[in-house]
Amino acid sequence: MNKCKFFVAVLVTAMLFCGCSNKVSSDNSTAEEVQEITATPTEEPVIEPEPTEPPTEPEVKIPADSVAKQDGVYVYDNAALFTDEEKQQLTEKLKSLYNDRLINAAVITAAHIGEDIPYSYTEKAYDTLYGSRGSGLVLLINNDTDTDCLYKTGSCSKFISDETEKSEFYWATKDIVSGQFYSAADRMISLGERCPEHIFDNLGLFENDVITELEGKFKELKSDVSLLITTNQTSSSNKDICTDYFKRKYPDGKGYMFMIDTESKTITLVTEEKESSDVKKALETASKSAQKGEYKTAAEELLKGF
């Protein structure tokens, strides 16, 4: 029972039993007057309950679109932006960059990139597809936060300037806004064609003008000759690494692939052609320069074998 109501009830009862008295009038007559005493119970204030916010639904975090490496696949169209024909055309161009210029290339579209920023998402995708080494060019068309990204590494960072990338992205963005996704992708990955076809400096060892000079000289040779510059810090032998690049660049077996490893300061040659005495002599001389760390001289010495 409410304590306040109980106190009022007791008070009223007491007043009913003790409320009668004799009053003397002016003419000395006595009249009994009954006074009726009523008590109004004190009303308890009504406290309105405070409004409560409706329970909020827990935020559902949509996982990022995953990119898993698939042999022979260069277009990962998770946002379904391309037709089958467009994917095939992009694949042919990306495959050409991969084989002819030794660029690890891909186009990725995403409906969800999770909590990553676009650059981080694209960098992780590159590592998943190609590892963290080599020369790479990966375009992300991001339908989640609408910020697209071109990831560059190795020779792509050297031969695709930031100014050129920004200029091309301006036009590519206009294409994307108007729904012309293939045109945008084709424009951006075509930048890879600015990279060399014979000198593959994955380390950024040479300046651009040196690479351009060597590229011109290697192009003039009667035989198809390429030079890869890298550092082998893996468990694979130089011969195995050079062989992998040779098969990628020369699937028909007609060519020469030299590899300078700055870790061991050695030069490896892989070819299916017959090695002439001139080639053997040039390799021997170039290897001596490589041992001294004179890699530009070593590259020029190789030219003498052809």
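Student: Is Asp 146 buried or exposed?
Tutor: In this predicted model, Asp 146 is exposed, with a relative accessible area of 60%.

Student: And where does Asp 146 lie?
Tutor: Asp 146 sits in the loop between strand 5 and strand 6 (149-153). Its phi is positive, about 65 degrees, although Asp 146 is not a glycine.

Student: What about the phi of Ala 80?
Tutor: Ala 80 is not a glycine, yet has a positive phi of about 55 degrees. Ala 80 belongs to the loop between strand 3 and helix 2, and is exposed at 62% relative accessible area.

Student: Back to strand 5. Is Asn 142 buried or exposed?
Tutor: Asn 142 is buried, with a relative accessible area of 1%. That residue is found in strand 5 (residues 135-142).

Student: What is Asn 142 in contact with, leaving aside neighbours within four places in sequence?
Tutor: With that exclusion, Asn 142 is in contact with Ala 110, Ile 113, Pro 118, Thr 147 and Asp 148.

Student: Now Asp 65. Where is Asp 65 found?
Tutor: Asp 65 is in the loop between strand 2 (30-33) and strand 3 (75-77).

Student: Which side chain of opposite charge is nearest to Asp 65, and how far away?
Tutor: That is Lys 87, 13 Å away. Asp 65 is buried yet has no salt bridge. The cut-off for a salt bridge is within 4 Å, nitrogen to carboxyl oxygen.

Student: So what does the side chain of Asp 65 reach?
Tutor: The backbone nitrogen of Ala 111, at 2.6 Å. Setting aside neighbours within four places in sequence, the contacts of Asp 65 are Asn 78, Ala 110, Ala 111, His 112 and Tyr 121.

Student: Then what does Lys 87 form a salt bridge with?
Tutor: With Asp 84; the closest N and O atoms are 3.8 Å apart. Both residues are in helix 2 (residues 84-100), and because they are three residues apart, about one helical turn separates them.

Student: How exposed are Lys 87 and Asp 84?
Tutor: Lys 87 is partly exposed at 27% relative accessibility, whereas Asp 84 is exposed, with a relative accessible area of 63%.

Student: What does Lys 93 meet in a salt bridge?
Tutor: Asp 186, at 2.8 Å from N to O. Lys 93 lies in helix 2 and Asp 186 in helix 6 (residues 181-189), so this pair ties together parts that are 93 residues apart in sequence. Lys 93 is partly exposed at 22% relative accessible area, and Asp 186 is partly exposed, with a value of 22%.

Student: How many salt bridges does a search of the whole structure find?
Tutor: Ten. One of the others joins Lys 124 and Asp 116, with the closest N and O atoms 3.1 Å apart. Lys 124 is partly exposed at 46% relative accessible area, and Asp 116 is partly exposed at 25%. There is also a network of salt bridges that links Glu 213, Lys 217, Lys 296 and Glu 300.

Student: Next, helix 10. Which residues of helix 10 are buried?
Tutor: Helix 10 (residues 295-303) has Tyr 295, Ala 298, Ala 299, Glu 301, Leu 302 and Leu 303 as its buried residues. They pack against helix 7 (208-219), strand 8 (225-230), strand 9 (256-261), strand 10 (266-271) and helix 9 (277-291).

Student: Last one, the overall picture. How many helices and strands does the protein have?
Tutor: Ten helices and ten strands. Of the 306 residues in the protein, 41% are buried. Taking contacts between residues at least 6 apart in sequence, 61% join residues at least 24 apart.

Conventions:
Residues are numbered from 1 along each chain as its sequence is written. This is a predicted model: local features need pLDDT of at least 70, side-chain atom pairs count only at pLDDT 80 or more; totals for chains, interfaces and linings use all residues. Side-chain values use heavy atoms; hydrogens and water are left out. Helices (H or I, at least four residues) and strands (E, at least two) are DSSP runs, numbered from the N terminus. Buried means under 20% relative accessible area, exposed over 50%, partly exposed in between (1.4 Å probe, protein chains only). Lys and Arg count as positive and Asp and Glu as negative; His and the chain ends are not counted. A polar contact is a pair of N or O atoms within 3.5 Å; within protein, one must be able to donate a hydrogen and the other to accept it, and residues adjacent in sequence count only if both atoms are side-chain atoms. Contact means heavy atoms within 4.5 Å.
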